[in-house]
Amino acid sequence: MAKLWGGRFQKSAEAWVDEFGASIGFDQQLVLEDIEGSVAHVTMLGAQNILPAEDVAEILEGLAQLKVKAEAGELEFLVANEDIHLNLEKMLIDLIGPVGGKLHTGRSRNDQVATDMHLFLKKRVPEVVGLIENFQNTIIVKAEENVETIAPGYTHLQRAQPISFAHHLMVYFWQLQRDKERFTESMKRIDILPLGAGAMAGTTFPIDRLKSAELLGFSDVYANSMDAVSDRDFIVEFLSNSALLMTHLSRFAEEIIIWSTDEFKFIELDDAFSTGSSIMPQKKNPDMAELIRGKAGRAFGNLVGLLTVLKGTPLTYNKDMQEDKEGMFDTMETVLGSLKIFEGMVRTMTINKPRLHAAVHSDFSNATELADYLATKGMPFREAHEVTGKLVFTCIQQGIYLLDLPLADMQKESSLIEEDIYTVLAPEAAVSRRNSLGGTGFEQVKIQIDKAKALLA
């Protein structure tokens with residue numbers, strides 16, 4: 001098959017070479033973006049009298065027919081035509097005749113492909129932001145239901161201090177909020193149009209790039225034609241934002257996995273987000289959480305992959321940059337799927353409040369309360385820390401906890417300890433007293449949730 005660019009060549013590549021170099025296997029995902037960009041381009045060509053009105057009308061009608069077929073999944077893409085751009089151009093020429101070849105006037109595949117990817121992200125990043133917000137709303141609902149549910153808080157995966165379970169859940173609201181802000185901020189770089197840059201030096205045709213931007217809904221155009229065709233920062237930024245989002249989801253997934261074990265039993269996942277074992281009938285595995293934890297690695301790999309491609313390429317376009325698309329498509333699919341699954345998983349999970357209550361009454365996570373109690377009575381905190389440590393050791397030797405230790409035994413270490421210590425050591429009191437700004441105290445958690453609601457309003 002003759003190439004649309006083959007005039008200079010005397011020999012055709014072998015089929016396997018064509019197959020290796022072709023991108024149509026994956027860039028066909030840009031079919032609607034490519035048609036959209038072509039519609040704007042030919043409309044601009046007509047407005048600038050670069051193409052006669054009858055040619056523009058014929059090309060637009062042909063593109064409209066191709067769009068209908070694309071949406072119905074009826075287009076047949078050929079490896080011999082290499083990529084989405086040449087496939088569509090060949091289809092257009094076959095459909096309306098040689099006039100279809102005029103579509104490429106004043107543009108190159110270099111600015112065309114960059115335009116397609118800007119359009120792809122311009123449409124889909126807002127979808128990511130919407131799914132993040134949906135997940136944030138679900139977290140808020142769960143948090144409101146559990147403001148006064150007490151849970152063990154951990155450092156080093158060791159029991160540290162009792163906290164409001166809502167306070168723990170809200171951590172992920174704020175991580176997602178920062179993710180959302182990063183994606184939203186990145187739209188400034190996505191919303192710049194490269195179309196009209198040509199292969200790398202612009203064009204001699206009197207095109208109107210601002211008109212093309214207006215037709216495609218872009219707020220700006222690249223100021224430098226070489227930058228326009230070589231820039232992939234906007235994809236790197238998307239991949240970077242996605243990698244960080246997947247890091248947050250992976251950390252949350254890890255906690256979901258731990259909480260759902262028999263050793264913890266803090267939550268139970270809905271059957272819809274769990275699987276069984278092929279050999280062990282009793283198993284209920286948190287497979288969706290594990291998958292999301294694993295898929296974070298895909299997002300990291302796609303980011304590193306593109307950075308590696310770009311770091312050694314001179315200006316402007318190089319064939320290496322064909323490797324910019326598969327990672328972008330894969331990460332987008334991964335992020336959208338992970339957000340949908342995680343929202344449903346959290347929305348439907350059951351929180352085992354009795355188990356959490358038992359957990360905070362059978363540990364030493366209230367030890368800091370005793371140290372603080374002694375400090376408020378004038379004992380230097382370092383001394384209070386030592387006294388408390390000794391009392392914890394006494395409890396460990398007796399197989400009991402601080403709330404079980406007789407007052408007389410406590411007073412052997414310090415006469416400052418009085419009967420009110422048992423009220424202070426109660427987990428509910430320990431949590432409610434921590435009302436510093438941003439703390440786990442019930443009132444502070446309610447303030448935090450109200451602030452989160454206001455952000456989403």
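Is Tyr401 buried, partly exposed or exposed? Tyr401 counts as partly exposed, at 28% relative accessibility, where buried means under 20% relative accessible area, exposed over 50% and partly exposed in between (1.4 Å probe, protein chains only).

1. Basis of the note. This is a predicted model, in which local features need pLDDT of at least 70 and side-chain atom pairs count only at pLDDT 80 or more, while totals for chains, interfaces and linings use all residues. Residues are numbered from 1 along each chain as its sequence is written, and side-chain values use heavy atoms, with hydrogens and water left out.

2. Aromatic pairs. The structure holds 11 aromatic pairs, counted for rings of Phe, Tyr and Trp (its six-membered ring) whose centres lie within 6.5 Å, with planes under 30 degrees apart taken as stacked, over 60 as edge-to-face and the rest as tilted. Among them, Phe165 and Trp259 form a tilted pair, 5.2 Å centre to centre with 55° between the planes. This pair links distant parts of the chain, since Phe165 belongs to helix α7 (residues 165–190) and Trp259 to helix α10 (residues 233–259), 94 residues apart; both Phe165 and Trp259 are buried. Helices here are DSSP runs (H or I, at least four residues), numbered from the N terminus.

3. The pair at Tyr401. Phe364 and Tyr401 also form a tilted pair, with 5.2 Å between centres and 55° between planes. Phe364 lies in the loop between α13 (353–360) and α14 (367–376), and Tyr401 in the loop between α15 (381–398) and α16 (407–413), so the pair ties together parts that are 37 residues apart in sequence. Phe364 is partly exposed, with a relative accessible area of 23%.

4. His118. This residue sits in helix α6 (residues 109–145) and is buried, with a relative accessible area of 0%. Its side chain makes a polar contact (a pair of N or O atoms within 3.5 Å; within protein, one must be able to donate a hydrogen and the other to accept it, and residues adjacent in sequence count only if both atoms are side-chain atoms) with the side chain of Tyr222, at 3.1 Å. Leaving aside residues up to four places away in sequence, His118 touches (heavy atoms within 4.5 Å) Arg189, Ile190, Ile192, Pro194, Phe218, Tyr222 and Phe234.

5. Helix α3. The 17 residues of helix α3 (residues 31–47) should span 24 Å at 1.5 Å a residue, which agrees with its end C-alpha atoms being 24 Å apart; the expected span is 1.5 Å times one less than the number of residues. Its buried residues include Glu33, Asp34 and His41.

Key: Helix = DSSP H or I, 4+ residues; strand = E, 2+ residues; numbered from the N terminus.
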